[in-house]
Amino acid sequence: MASLDSVFEYVGEFMAQNGIDRSEAYSLEFIVEEMFTNLIKYSRSGRNEIALGLRREEDTMVVQLTDFDVDEFDMTKVSDAKTDEPLGDRRIGGLGVHLVRKMVDGFRYEYSDRVGKIIITKNLGQDDVQRGGRKH
Amino acid sequence: MFSAAVGNTNEIQLIGRLDASQVVAAREVLDRITASSTIDFRELEYISSAGMGVLLATQKRLAGSGQKLTLVHLNKHIRDIFGYAGFDKVFEIR
């Protein structure tokens, strides 16, 4: 996971270049890390590379992760984690996608010719509490 | 980077960033806990689901002997995420 440092560095550069307030850093870093690590975990790729793209479209951040030479795996269809269960029944793991879903405004998957893309949108200037765990 | 400072009175301070690359280091600290302890988040700026999993695993293990972790001084982002994860139902968070 040494590559996570370079991912976070890229996120920081993107924010600085696009005038995105540092208050958005946590959410953006979290989203990118969770998606990145899930793709690595579930990827059947022989290419071992994931392309990360970040862009700002007015007041929206767009995060795109592209995985090459993979079987189709739609992470957006992963069920929500069961967060109301008592401690003894709580499962370790499975929180990443659930938490990202709570933090973003758009979350979709595209697949074609063995290339999978996760595309996430997040409106700027609205904190996660206001977002209120919108479902997608 | 992630590190932890272990105090004398069952207090552990988490420091830095606990992302997926730091889970092994976090486990080395939390696996040593055998009694009820306070985890101080004052110096922890970031945690992802991987780090949260280590905390949850520790809490589940301690519950077996009637012990528990109490989490204190979470920043706003971490507090929000722990709420979404239902951690406020399985940890005492102050």
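Colleague: Which residue of chain B meets the side chain of A:Asp84 in a salt bridge?
Modeller: This is a predicted model, in which local features need pLDDT of at least 70, side-chain atom pairs count only at pLDDT 80 or more, and totals for chains, interfaces and linings use all residues, while side-chain values use heavy atoms, without hydrogens and water. Residues are numbered from 1 along each chain as its sequence is written, and chains are lettered from A and ligands numbered from 1 in the order written. Between chain A and chain B there are two salt bridges (a side-chain nitrogen of Lys or Arg within 4 Å of a carboxyl oxygen of Asp or Glu). At 3.5 Å, N to O, the partner of A:Asp84 is B:Lys89.

Colleague: What is the volume of the largest pocket?
Modeller: A pocket is an open set of points on a 1 Å grid over the protein atoms alone where a 1.4 Å probe fits, with protein on both sides within 12 Å along at least five of seven lines, and lining residues have an atom within 4 Å of a point. The largest pocket is lined by 31 residues, and A:Lys41, A:Gly93, A:Gly94, A:Leu95 and B:Ser49 lie nearest its centre. Taken as the space filled by probe spheres set on points joined across faces, edges and corners, its volume is about 700 Å³.

Colleague: Which residue forms a salt bridge with A:Arg114?
Modeller: The whole structure holds 15 salt bridges over all chains. For A:Arg114 the closest N and O atoms of the pair are 2.8 Å apart, and the partner is A:Asp69. The pair links distant parts of the chain, 45 residues apart, with A:Arg114 in the loop between strands S3 (106-112) and S4 (115-123) of chain A (strands being DSSP runs of E, at least two residues, and helices H or I, at least four), and in the loop between strand S2 (60-68) and H3 of chain A, A:Asp69.
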